[in-house]
Amino acid sequence: MDYAIGIDLGTTNSKVVLCKLPSCKVVHLEKFASPKIETSGNVDFDIQILKQKVLASISACAAASSGIVRFISIASVGESGVLVYADGTHDKTSIAWFDTRGKGYADKMYDDGFAEEAYRETGIPAYANYGLFKILWLRDHGVKLDGAKWLPLGDFFAWWLTGALMQDESLASRTFALNIETKAVATDILDRYGLPSNLFPPLIESGTSRGSITKDFASKTGLPETCQVCVAGHDHMAGSVACGLDPVHEVLNSTGTSEGILAINEHPVLTKRSYCNRLSNGLYVQKGLFSYYASLPTAGYALEWIAN
């Protein structure tokens, strides 16, 4: 019997699930609170503990299978990332996507009159949560970027499992450093802030195999060395595929910690009206399509507050 493992790296909770193929019937589920470090109002994901919990969860799923686990698929929050260095080391924390440390850089982009031009290139409004503004804060607080690669959270875990340095298209379009139409690195934006153009690894389409897990990871988990790894993409977008969203007639309300309203288009909407309404375009998880997204970042917390 064949199986697959799904990983969802979420804001509040993370899940690792074992499913039968081809039915996707759930066989085993592991769920845990996404580990965070909160200091003076700043929030980071604790990458070291998150790795430990993901490893233990994958091992539990492997033990629960009675056949071959063919692949692991990863979805994650859209804007958090981890810096990986040429010697194979990496940062031990990741600024949470909702953390506002980058707000000063985003606000200055509006003050300088550059935000609308940047929107026409990246398809997204200047907000503190995007990767560019996190990177600027890290650099200006002593983090060295020489030889580093920025990996969105899902891509970081795919690298940890396989050793392949790649960037999922849907996650890359949340960095504020990608031309939404050409899929090229927005070098003019990076040049403006003195950032290296090689900070971001090559793009890969959502759902494409990154290769098989390393021998070390196979030995630690009990998975076969033939097990492949892919990144399904930005969590809300990946979830829309699972829901069978009709791109012509439907929009999706996807609520976790954040509530997202998602439509799918054949072209990005880069109009003045779209910019003024702060609507976000992105590369969708299916080839040739674009996401069009509005969100309420605290909606899930509000529902939790009501429930409690």
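**Contacts and model.** I looked up how far apart in sequence the contacting residues of the chain lie: among contacts between residues at least 6 apart, 67% join residues at least 24 apart. Contact here means heavy atoms within 4.5 Å. The model is predicted, with local features needing pLDDT of at least 70 and side-chain atom pairs counting only at pLDDT 80 or more, while totals for chains, interfaces and linings use all residues. Residues are numbered from 1 along each chain as its sequence is written, and side-chain values use heavy atoms, with hydrogens and water left out.

**Overall dimensions.** I noted a radius of gyration of 19 Å, which agrees with the value near 19 Å for a compact globule of 308 residues. The radius is taken over C-alpha atoms, and the globule rule is 2.2 Å times the number of residues to the power 0.38. Along the principal axes, the C-alpha atoms fill a box of roughly 60 × 50 × 45 Å.

I then listed contacts of Ile5 beyond four places in sequence; among them are Ile58, Cys61, Ile72 and Leu223.

**Cysteines.** I found zero disulfides, a disulfide being a pair of cysteine sulfur atoms within 2.5 Å. Cys61 has its closest cysteine sulfur in Cys19, at 8.6 Å, which is too far for a bond. Cys227 is in no disulfide either, and the nearest cysteine sulfur, that of Cys230, is 9.8 Å away. Cys61 counts as buried because its relative accessibility is 0%, and Cys227 counts as buried because its relative accessibility is 0%.

**Ser14.** I placed Ser14 in strand β2 (residues 13–20); strands are DSSP runs of E, at least two residues, and helices are runs of H or I, at least four, numbered from the N terminus. Ser14 counts as buried because its relative accessibility is 1%. Beyond four places in sequence, Ser14 touches residues including Asp8, Glu30, Phe32 and Leu50.

Conventions: Buried < 20%, exposed > 50% of the residue type's maximum accessible area, 1.4 Å probe, protein only.
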